[in-house]
Amino acid sequence: MRLPPHRWLWSLLLAGSGAALAESSPVLNDFGGVGLIQTPSARFATVGTFGAGLSSIKPYNQIQLFATPLPGFEAVFRYTDVIDRPYGPESFSGNQSYKDRSFGFKLLLIEESATLPAVAIGIQDFGGTGVFGGEYLVASRRWYDWDFSFGLGWGRLGEGGDLRNPLARLSNRFDRDRTGTGTSTSTPGGSGVGRLFTGGTIGPFGGVQWTTPIDGLRLQVEYDGNDYSNERGTGSSIRQSLPINVGADYEVSDGFHLGLGYERGERLSFRLSLRTNLETGRGPRKSLDPLPPPVIVRLPEAVSTPAPATFDLKETATLSTAVGTALAAQNFTLAAFDVQPAMRSATIWIEQQRYRSAPLVTGRTVRAVSGLLPPWIDRITVVGVDADVESWRIAVNRAEFEKFGQFRGSPEEIRYSAQLDPVQPGRPEADLSGLVKLPAFSWDTGPGFRQQIGGPDGFYFGQLLWRLTGDLRPTDNLSFSATLTFNLLNNFDDIELESNSLLPRVRSDVVEYLQQGQQAVAKLETNYIWSPASGVYARLSGGLFEEQYGGVAGEVLWRPHFQRWAVGINANVVQQRDFAVRFNFRDYRVATGNVNVYYDFPWFGLKSKVSFGRYLAKDWGTTIEAAREFRSGATLGVFATFTDVPARVFGEGSFDKGFFLSLPFDLVFPRSTRRSVGFLFRPLTRDGGQKVRDGIDLYNATDAGNGGRIVDDWADVVR
């Protein structure tokens, strides 16, 4: 069953691991970052923290997403409703209020010590209109239950001050008006780099937070450095009778905070936040998973049993039947089987969609077959198969695993004698292959959701639909997949804004697809995947790839054994589908392709991807992606695309960018699964720098063999 993405998000936040946050669940300010009330502090949430929040202080209502993906690094995305400012002329947007999107970042410079306070630098509103633009340098110092913060603010955070900008001594560019040329709010979606730390004057801000004896209750008081007489968010003055704000934050339960404040001496404010930890969170207990089978230990005298000179095919087939039955109890499918008496080894090829951890699958497999394999087999190699190509090979010493079964061993000792072997194409050494019963068919059905957020016609447009998916695998390497969607309820007909793009409308006609494609053939594609050489994967695809495009495509990926890098090339010829999203096409056809370079850094699960090539609007450029993969399997990342389309032609936004989030169903369900739900957010849908989804992505399909992840997850071998 598939739930709408926003329901998954809230389910995750409510079901996540609160225990990991119990020791440190800091207060979030009105802008969604760790701080006091309006102002930031040099404090950070626990690494891996992710959450959502709401805040309201007239005339601003905010929805926020916040995360601490790395130590000493905080990121916040905000969507603000300015209730006393119109979106635009009434003829353009009716009576809708103004909406603003903004990103914020904070970086730790100095950790708190016995002699020094914590010091951080941050940007409150990076890029775009910059209506809440402000930069800051802030220090925090804890004294028993009191936490003091003091900072210097540029822009909105320090407009009430009259201190000369110290950076003006370095360059005249820092001394100019923040609304001057190159820094104005007239370029929505731009980088806004030109206005950072500018302004003739800066101002102080700061305050203190008291952790009261009442469990979960913290009180704050702060000096607000903003001058509300010239507020950019509203374009007018906001009454402020006192630059002092007071507030209270109460942690109702682990990760669930409520806050109240009295600000500017004029207004009550309200805050709510839910948070979880993507690094330590494992979700609910996996009560629906099969129990791990016991390790059957060989008798001491059987360990030295000599191997036979031969092991004929009939004996192999009989043994593989028993092995396949034992693996089926773990929801694994035996794809191929091999016994090599001369090497005193057995190799077992596994297909499964339950666990993300290759060591866990290896351990469960060894357990399941420990009482079935002949005693003279000393080494067991487990091979993970995805899309009918090998993703990983882990060979373990049977005796070391038996020591663990007798409580005399450990995962580290098993790892010391284990070996991660290179993957092989075609399983040439297998005595028995093709053991998966084909053709195989699977299907799923459940609710789904499509949405359009922001725009002059309204803040939110959505569709509740019913989705029916099916997958057919007639042969080992060939698969067919289809997705049909059926409208249940939507308000897309209320969208009136048309695209004004100067480029071919490769994405900006999305409203037409939303309105006319309510009963849709969302996908109908075929993929043929094979491995021509060790570490080399290839794919041919064709059909209706997505709601807007169909065609033919191909991809080749070189992923060397146990390396952090990979290189791939993908190319396609696609044609734009009709707005009704059935079987007709429009006239627009284009050939696109990219060279993709992947690199996994050895720290904090950081992953990167750089693509260079031709995009759907026939523009050429580069896409840069950076992401953090957490131990829970969740991934949080950002991307930006720069092409040869100039900003004036690209339109509002200047260049394509956004962030993405992938949440494993593991964090919600009481059973393990490799499935996940993805969420991608672009501040604006434009036509420059756009790619097409053109079949199964080979890098993701083979990522279970990521060597760094196997090492990190090795303790799972005994789970």
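Visitor: Is tyrosine 144 buried or exposed?

Guide: This is a predicted model, in which local features need pLDDT of at least 70 and side-chain atom pairs count only at pLDDT 80 or more, while totals for chains, interfaces and linings use all residues. Residues are numbered from 1 along each chain as its sequence is written, and side-chain values use heavy atoms, with hydrogens and water left out. Buried means under 20% relative accessible area, exposed over 50%, and partly exposed in between, with a 1.4 Å probe and protein chains only. At 67% relative accessibility, tyrosine 144 counts as exposed.

Visitor: Where is tyrosine 144 placed, and what is its phi?

Guide: Helices (H or I, at least four residues) and strands (E, at least two) are DSSP runs, numbered from the N terminus. Tyrosine 144 sits in the loop between β6 (134-143) and β7. As a rule, most residues other than glycine have a negative phi, and most peptide bonds are trans. Tyrosine 144 is not a glycine, yet has a positive phi of about 55°. Arginine 344 also has a positive phi, near 50°; its place is in the loop between β14 (333-340) and β15 (345-351), and at 21% relative accessibility it is partly exposed.

Visitor: How many salt bridges does a search of the whole structure find?

Guide: A salt bridge is a side-chain nitrogen of Lys or Arg within 4 Å of a carboxyl oxygen of Asp or Glu. The search finds 43 of them. In one, glutamate 231 pairs with arginine 156, and the closest N and O atoms are 2.6 Å apart. Glutamate 231 lies in the loop between β10 (217-223) and β11 (244-253) and arginine 156 in the loop between β7 (146-155) and β8 (163-164), so the pair ties together parts that are 75 residues apart in sequence. Both of these residues are buried.

Visitor: Which residue forms a salt bridge with glutamate 266, and which meets glutamate 525?

Guide: Glutamate 266 pairs with arginine 239, the closest N and O atoms being 2.8 Å apart. This pair links distant parts of the chain, 27 residues apart: glutamate 266 is in the loop between β12 (256-263) and β13 (267-277), and arginine 239 in the loop between β10 and β11. Glutamate 266 is partly exposed at 29% relative accessible area, whereas arginine 239 is exposed at 63%.

Guide: The side chain of glutamate 525 meets that of arginine 693 at 2.7 Å, N to O. Here glutamate 525 belongs to strand β22 (residues 520-533) and arginine 693 to the loop between β31 (676-681) and α10 (698-701), 168 residues apart. Glutamate 525 is buried at 3% relative accessibility, and arginine 693 is partly exposed at 33%. Salt bridges can also form a network, as they do among Arg559, Asp600, Lys607, Glu629, Asp703 and Arg709.

Visitor: How many cavities of 30 Å³ or more are there, and which residues lie nearest the centre of the largest cavity?

Guide: On a 1 Å grid over the protein atoms alone, a cavity is a set of points where a 1.4 Å probe fits but cannot get out; lining residues have an atom within 4 Å of a point. Grid points are joined across faces, edges and corners, and a volume is the space filled by probe spheres set on the points. The count comes to nine cavities of 30 Å³ or more, and the largest cavity has a volume of about 110 Å³. Its lining has 14 residues, of which Gly33, Pro40, Glu74, Arg78 and Tyr136 lie nearest the centre. The strands β3 (73-86), β4 (97-110) and β5 (118-126) each supply at least two residues of that lining.

Key
1 Å grid on protein atoms, 1.4 Å probe; cavity = no way out; pocket = protein on both sides within 12 Å on 5 of 7 lines; lining within 4 Å.
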